[in-house]
Amino acid sequence: MTVQSAEVGIVTADDALPAFYRCVFGLTEHPPRSYPAGVVHRLGRSDDVLVKIMVPAAPPTQAPQTPAQFWDRAGLAYCTLWVDALDDVVRRCGDHGGTVAAEPVEIRPGVRTALLRDPDGNTLEVMEGGR
């Protein structure tokens with residue numbers, strides 16, 4: 001048995017967050033799925049990349065304040081997205097309500113990373129280059 005793909009799920013209070021992921025990362029929005037508990041927006045580029053954003057029917061409680069560094073608290077704290085144009089993604093992040101927590105930096109030859117926060121404060125490690 002092996003993992004065949006992975007999906008990232010985010011819970012938010014309204015329909016604004018899907019636009020951030022669509023505009024910043026160039027993801028295509030698939031038809032949303034409605035359930036009694038809420039609506040799930042699905043954004044992706046292929047079957048291997050899917051970001052699901054759930055807007056519950058009843059507003060969720062607010063998450064605790066985002067720590068200064070994602071490693072300052074235990075638990076699921078960030079996701080990694082590999083891109084082919086890191087500088088463009090970083091620019092679009094600020095243009096669409098996100099923030100840059102750490103500017104792009106080369107971490108090894110040919111591999112760059114930046115830390116971003118979406119408008120809800122979720123941390124995204126964005127990588128460019130060889131895996």
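Q: What volume does the second largest pocket have?
A: A word on the source: this is a predicted model, where local features need pLDDT of at least 70, side-chain atom pairs count only at pLDDT 80 or more, and totals for chains, interfaces and linings use all residues. Residues are numbered from 1 along each chain as its sequence is written, and side-chain values use heavy atoms, with hydrogens and water left out. On a 1 Å grid over the protein atoms alone, a pocket is an open set of points where a 1.4 Å probe fits, with protein on both sides within 12 Å along at least five of seven lines. Volume is the space filled by probe spheres set on the points, which are joined across faces, edges and corners. Here the second largest pocket has about 600 Å³.

Q: Which residues lie nearest the centre of the second largest pocket?
A: Lining residues have an atom within 4 Å of a point. There are 21 of them here, and Val49, Thr80, Leu81, Trp82 and Val83 lie nearest the centre.

Q: Which element gives the most to that lining?
A: Strands (E, at least two residues) and helices (H or I, at least four) are DSSP runs numbered from the N terminus. E5 gives the most, five residues.

Q: Which strand pairs with E5, and is the sense parallel or antiparallel?
A: Two strands pair if DSSP finds at least two bridges between them. E5 pairs with E8 (residues 123-129) over six bridges, in the parallel sense. In this pairing, cysteine 79 stands opposite leucine 124 of E8.

Q: What follows helix H1?
A: Glycine 26 does, with a positive phi near 70°.
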